[in-house]
Amino acid sequence: MILMYTDTEIIEYYKNHSNTQTSKQFNISDYYLTKILKQNNIQKHTPKESAQFYENGAKVKFNKQYDEFISKVNLEELYNFYKTNGKNDTLTKYNISSGILKRVLEEKNLKPLTAREVIDINLVKKYGSIEAGRHAVSQKMIDNTDWETRNKHLKETCQKRFGGDSPFSSSE
């Protein structure tokens, strides 16, 4: 029994499936699939794009999860929570993947946290405020510094570079 499919049916299926899945579904060779795509000016999936379709249409499942999440969530509340609590707490509270959070931020034109903001959030979590956290971190650095070794190294460097104990020893 030979089943015939139109190019349109194959292309529609191909949009949400990998090269291999499409070839198997329609019992056609990869060569024939490529030929159909070229004739219809459709770019063949890259290996990375094809990988998104495995696990029975992972991309389709992801899109469905994203659409369900977006329909239920208050974006303003989500973004405010994200800005004050960071990525990991947001993922936990809303029970979502980092891919969904990333897509929400991109598609809704919401600014992701900067590295400085992430540091500040962690300082507040650990020390109660940004100022207290910065003070504790700088105090820890001061306490952990071996001042004798530091000063000795500083003098050696100045001696090599400037011929004396300080940059002012240089003739320049």
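Here are some friendly questions and answers about the predicted model above.

Me: What should I know about the numbering and the model before starting?
Reply: Residues are numbered from 1 along each chain as its sequence is written. This is a predicted model, where local features need pLDDT of at least 70, side-chain atom pairs count only at pLDDT 80 or more, and totals for chains, interfaces and linings use all residues, while side-chain values use heavy atoms, with hydrogens and water left out.

Me: How many aromatic pairs does a search of the whole structure find?
Reply: Rings of Phe, Tyr and Trp (its six-membered ring) pair if their centres lie within 6.5 Å; planes under 30 degrees apart count as stacked, over 60 as edge-to-face and the rest as tilted. With that rule, the search of the whole structure gives 5 aromatic pairs.

Me: Are the rings of Tyr5 and Phe26 stacked, tilted or edge-to-face?
Reply: A pair of aromatic rings is described by the distance of the centres and the angle of the planes. For Tyr5 and Phe26 the centres are 4.7 Å apart and the planes stand at 80 degrees, so the pair is edge-to-face.

Me: Which parts of the chain does the pair of Tyr5 and Phe26 tie together?
Reply: Helices (H or I, at least four residues) and strands (E, at least two) are DSSP runs, numbered from the N terminus. Phe26 belongs to helix H2, and Tyr5 lies in the segment before helix H1 (7–14), so the pair ties together parts that are 21 residues apart in sequence. The parts are therefore the segment before helix H1 and helix H2.

Me: Is Phe26 buried or exposed?
Reply: Buried means under 20% relative accessible area, exposed over 50%, and partly exposed in between (1.4 Å probe, protein chains only). Tyr5 has 31% relative accessibility and counts as partly exposed. Phe26 has 9% relative accessibility, so Phe26 counts as buried.

Me: Which residue lies over the face of Tyr66?
Reply: A charge sits over a ring if NZ of Lys or CZ of Arg is within 6 Å of the ring centre and within 35 degrees of the ring normal. At 3.9 Å from the ring centre of Tyr66, the residue over the face is Arg103.

Me: What is the phi of Asn27, and where is Asn27 placed?
Reply: Most residues other than glycine have a negative phi. Asn27 has a positive value, near 55 degrees. Asn27 is exposed, with a relative accessible area of 72%. Its phi is near 55 degrees, and its place is the loop between helix H2 (19–26) and helix H3 (30–39).
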